[in-house]
Amino acid sequence: IDPHTAFWMLPTRQKTRRWVKRPLRAAAMSRLRRAGYPPQLAFERVVCCSEYVRSDLVTAGRLPASAGVLLGGTDPLPFVEHARSRSPSGDRPVELLFFGRLIHDKGAHTALDAAGILNRNGVTNVRLTILGSGHPEYEAQLHREVAALGLGADVTFLKQIARDEIPALLSRFDIY
């Protein structure tokens, strides 16, 4: 759904705005349709942020097969060096880290779902840390999911930190 249609179709949080937006919705949507909105875009030269995104969009018929991939300019060396410094040990839990913007598209909820599956199947020596910040409603959803899955003792939330602090933090985790 495009952002203009989403704006008019989604409810507002404040009651006073609801009373204003509701009668205007039909007129706005009618005007958008008359204007041919949303426009049909021709993506002739497209670059995606990952091979996964490219493959997904090409398979769905949203992008041409000629779409390219332009990877971010992150130097992986500091991350790899710190990741190798952590050695496995049988007497401590496996430490997992999800770090990134907390929005639905990044998939922190998928990490929680996986932790829940492990827990239900008797794998109780896994701890998940979710590092980052993002959309308040999505963050609240993640906290509700932790409670619903009974993972309060196994999941920790950390607020966003400076990017240059992340490599040193990684040495505390087995998988990220």
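Among contacts (heavy atoms within 4.5 Å) between residues at least 6 apart in sequence, 65% join residues at least 24 apart. The model is predicted: local features need pLDDT of at least 70 and side-chain atom pairs count only at pLDDT 80 or more, while totals for chains, interfaces and linings use all residues. Residues are numbered from 1 along each chain as its sequence is written, and side-chain values use heavy atoms, with hydrogens and water left out.

The chain contains seven helices and five strands, which follow one another in the pattern α-α-β-α-β-α-β-α-β-α-β-α. Here helices (H or I, at least four residues) and strands (E, at least two) are DSSP runs, numbered from the N terminus.

Three of the strands form an open, parallel sheet in the order β3-β4-β5; two strands pair if DSSP finds at least two bridges between them. Its edges are β3 (94-99) and β5 (155-158), each of which pairs on one side only. From one strand to the next, the twist averages 20°. Strand β4 (residues 126-131) is joined to β5 by four bridges, and T129 stands opposite T156 in β5.

Helix α5 (residues 108-120) lies across β3, β4 and β5 and runs at about 170° to β4. Such angles, from 0 to 180 degrees, are taken between N-to-C directions of axes, which are lines fitted to C-alpha atoms, for helices over the stretch in contact.

As for the whole chain, its C-alpha trace spans about 65 × 45 × 35 Å along its principal axes. Buried residues (under 20% relative accessible area, with a 1.4 Å probe and protein chains only) make up 26% of the 176 residues.

Conventions: Buried < 20%, exposed > 50% of the residue type's maximum accessible area, 1.4 Å probe, protein only.
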